[in-house]
Amino acid sequence: MSSALRRAAAGLCVAATALAARADPLPERGYGLPHDASLDGHRIDWLIHFTIVGLGLVFLVVLGALAYAAIRHRGKHTAAYDHGNSRRAALLVLACVAVVFFVIDGNLFVHSIGDLDAHFWNFKAAEANPRMVRVEVNAHQWAWTFRYPGPDGIFNTDDDVVATNTLHVPVGVPVVLQLASTDVIHSLYLPNFRVKQDAVPGSITRLWFQAQEPGEFEFGCAQHCGANHYKMRGVLTVMAADAYERWAAASAADAKRGFDPEDKDARWGWEWRKF
Amino acid sequence: MALPATHAPSAETQPIHPAPTSFVKKYVFSLDHKVIGIQFLWAGLIFLLVGGTLAMMIRWQWAFPYHPVPVLGSIFLRGSGGVIGPALYQNIFTMHGLIMIFFAVTPVLIGAFGNFLIPLQIGARDMAFPILNMLSFWFFALSQLIILASFMVALGPGGAGWTSYPPLSTNIGMPGIGQTMVVLALFTTGVSSTMGAINYVTTVIRLRAPGMTYMRLPLTIWGLWLTAILNALFIPVLGSAALLLFLDRTFGTQFFIAGAASVRGGGDPILFQHLFWIFGHPEVYILILPAWGIVGDILSFFARKPAYWYRGSVYAMCIITVLSALVYGHHMFITGMSPMLGKSFMLLTLLISAPAMVLVFNWIFTIWRGSIRFATPMLFALGTVFVFGLGGLTGLFLGDISLDLYLHDTMFVVGHFHFTMAAASFLGAMAGIYFWFPKMFGRSLSERLGKAHFWFSIVGLTLVFGGQLLAGYAGQQRRLFDPYQYTFIQGLRGLNRWTSYFAFTLFAGQFLFVWNFFKTVFARGHTAPQNPWEVTTLEWTRTSSPPPFHNFDVIPQVQRGPHEFANPKVKELLGRDYLGQAEDMPEATAPAAGAARA
């Protein structure tokens, strides 16, 4: 096959793909991180961005060196006879590594530990807030069921508010979730709050976040949990404090009216776990 | 000749066996490591095509959900009118992952190169255990057969993801014989890999030619050897996990089923994740170490310059091998792992980036001040450095717990591990195939087609996996049948569609390789000379292309390391820029030298 024919065939392939692609929308809006509606999400965003910039610089420098070497040394002169075995050669490599390691990895490690201890894993502070909201989550194929303790503050009683795929929380207050699963492993994922946590059968895991603005946000499942994994989606409604109080009182009254003492399966909640 | 104690047994213990004559002994149940290597190559490349086809179906689904798949749909999905449904979709991505990792990349990188290269590069006549070697291939073929058969049973093949997490992978989530067959195939391929690994480890320790000290081994052999050690240690763990899962599915045991509202059991699903990832993370390095070794050698060979700080590269690979077993917990950061354990795993994970960077900087310094020949294998090796850079750097985000709170289980993870395990392993393997093809088949592949294949691959891989990283950064979860159920992902429809177009182009570009390969193997093609690339290692300098059954007429006496390029003294005396590993320095024609031949 002649090279002209070959080039024509390759060109045809590219043209056909381009034609097919032209009919479709160009990449739309929607890039970048989802809107951050949480108290602590900005810590994750900052760390991601610092790391992108830092690693981007490293990558560009390395790529530049590679490209320069490839152009400058493309067989025009004889190669240097250098095994790079000297102490100086080793130190050069180790110095390059040390710079990247301490700046990028070091920053990641220090910030991550700090953020986890002070914020994301600091359940003590979250639960110390007298207004904090506690919710028990039961994940199952393929929905999320939430249980609020109701006015009595105790789970598994007749005033528990139970909701499926909708979660209502007040703004500006820590929300602490304890998660369990009925069947397989699921993972509660709140993209606008930058958190997720697996729900594992046989154990109880926990997660907390705090919403900073009212509105409706999506949550979903992040762990493949069967054919309808993609449908395990719900809506988180963040409400102003007084609206939340009204919602909670009305829902608790509804729950009490609908309570069926015979239906044992409906009382899947557990005593709030102390970790 | 008195050999130092460190030297392996030589000629007396490596007799020349007569070559087999019957077709079955020669090509089917062959004991010859070269034939077995080529068997693995074929088996792997065919499954690479199968896995790639499945990937195209996933990409179609993300671009055009609920639309009939063109061509493939009318062949394989007649029952549903060519449309992929949610249940079938989970089968497709599960089998894509399993096939690519265990039945395509593993046989090509480890089965093919390990078998073909280890004896040839260390100067041995065959593997230490030829029968075990043959069994290793046939167990592997059996496991591939089980995988193919699992597509034909009721309820389809496995659907619990390539990681097969229970309880989803037990009868609770995946009823039907298909998932059981997948687990069985994993176990069988584990048996095959373990046999291969024992063989490789032993061969490198026992059968090195005289003078082939550890610090004179080609980097390729270091990569393959360390891989074999990891395989020997950790594949049995995967085997035990697969066996326990098999018992849970078939005999009603409850190793991985915990008591929960709707199920009873005394087991622990997280236990499986520990078993899986203590194998699974070394597996990442099992797939990349051979590619690193190949790249390290090829960069030196085609830059015509010694590999920079060879010892540093060797030490770095050894450290990574050890660390690879200690970092697996980063796959489980959000399972509810104890904070102390999580932080320890995070520290160890970040540590592993230091030796990996040593390798990268050594590669850069190797080609620096070289005299580069841009042949196809060199392009693929440079491409490997590029995509491994992207894969490695994105790994830093994911080694970090607080970023995993957001990024875990998103497309960012998918993009990251495709850059390392798919792109870097694939390009590394292709560098190896283009480089050793003349030695394997005695013919040279077309350079023009090879270069076109390279550009399709590097551009395609970068755009496809880059698109995945972007989708993950914007929050898209992995493994969604229809991502656009979520409002916040709807803006990514264009991105996903474009990524799919790039994927289709990448896939189409691979047929350049298929054509090149078949054309050269079966039809005409330039007969390759013994050492077409003018390099130093034993398989090129001391035996023909392809080598005879017994590899070497005389077991070579190795004199030096594998990267003796650009030595001015050699240039002056021999008029060329390289000196073979077993070649005498021209003036040293003393009587002791047993075999001096270019």
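The structure is a predicted model, in which local features need pLDDT of at least 70, side-chain atom pairs count only at pLDDT 80 or more, and totals for chains, interfaces and linings use all residues. Residues are numbered from 1 along each chain as its sequence is written, while chains are lettered from A and ligands numbered from 1 in the order in which they are written.

Chain A contains 5 helices and 10 strands. These elements are DSSP runs numbered from the N terminus (helices: H or I, at least four residues; strands: E, at least two). The radius of gyration of chain A is 27 Å, well over the 19 Å given by the globule rule for 275 residues, so chain A is more spread out than a compact globule. This radius is taken over C-alpha atoms, and the rule is 2.2 Å times the number of residues to the power 0.38. The C-alpha trace of chain A spans about 90 × 55 × 35 Å along its principal axes. Of its 275 residues, 35% count as buried. A residue is buried if 20 or more other C-beta atoms lie within 10 Å of its own, exposed if 12 or fewer, and partly exposed in between, with C-beta atoms placed from the backbone. Contacts in chain A were also sorted by sequence separation. Among those between residues at least 6 apart, 70% join residues at least 24 apart. Two residues are in contact if their C-beta atoms, placed from the backbone, lie within 7 Å.

The two chains meet. In chain A, 89 residues are in contact with 98 residues of chain B. Several elements of chain A give two or more residues to this side, including helix H1 (3-22), helix H2 (41-72) and strand S5 (174-181). The largest share, 16 residues, comes from H3(A). By class, the side of chain A that touches chain B has 49 nonpolar, 26 polar and 14 charged residues. Here Ala, Val, Leu, Ile, Met, Phe, Trp, Tyr, Cys and Pro count as nonpolar, Asp, Glu, Lys and Arg as charged, and the others, Gly among them, as polar.

Two helix pairs in chain B were examined. The axes of helix H4 (residues 86-122) and helix H7 (residues 219-250) of chain B come within 10 Å and cross at roughly 125 degrees. H4(B) is therefore oblique to H7(B). Axes are lines fitted to C-alpha atoms, for helices over the stretch in contact, and angles run from 0 to 180 degrees between N-to-C directions. Angles under 35 degrees count as roughly parallel, over 145 as roughly antiparallel, 65 to 115 as roughly perpendicular and the rest as oblique. In H4(B), residues including Ile110(B), Phe113(B) and Leu117(B) take part in the contact with H7(B), where the partners include Ile221(B) and Leu224(B). This contact has 8 nonpolar, 4 polar and no charged residues.

For the second pair, the axes of helix H9 (residues 310-324) and helix H11 (residues 353-367) of chain B come within 8 Å and cross at roughly 150 degrees. H9(B) is therefore roughly antiparallel to H11(B). Gly312(B), Ser313(B), Ala316(B), Ile319(B) and Ile320(B) in H9(B) meet Pro355(B), Ala356(B), Val358(B), Leu359(B) and Asn362(B) in H11(B). The contact has 7 nonpolar, 3 polar and no charged residues.

Helix H4 of chain B also holds His96(B). His96(B) is buried, with 21 other C-beta atoms within 10 Å. Not counting residues up to four places away in sequence, His96(B) touches Gly51(B), Leu54(B), Ala55(B) and Ile58(B).

Some backbone details stand in loops. The peptide bond from Gln141(A) to Trp142(A) is cis, with omega near -5 degrees. Trp142(A) lies between strand S1 (133-140) and strand S2 (143-148) of chain A, in the loop. In chain B, the bond from Ser545(B) to Pro546(B) is cis, with omega near -10 degrees. Pro546(B) has its place in the loop between helix H18 (538-541) and helix H19 (568-574) of chain B.

Leu155(B), a residue other than glycine, has a positive phi near 70 degrees. Its loop runs between helix H5 (130-150) and helix H6 (177-206) of chain B. Leu155(B) counts as partly exposed, with 13 C-beta neighbours inside 10 Å. Glu534(B) is not a glycine, yet its phi is positive at about 55 degrees. Glu534(B) is partly exposed, with 16 other C-beta atoms within 10 Å.
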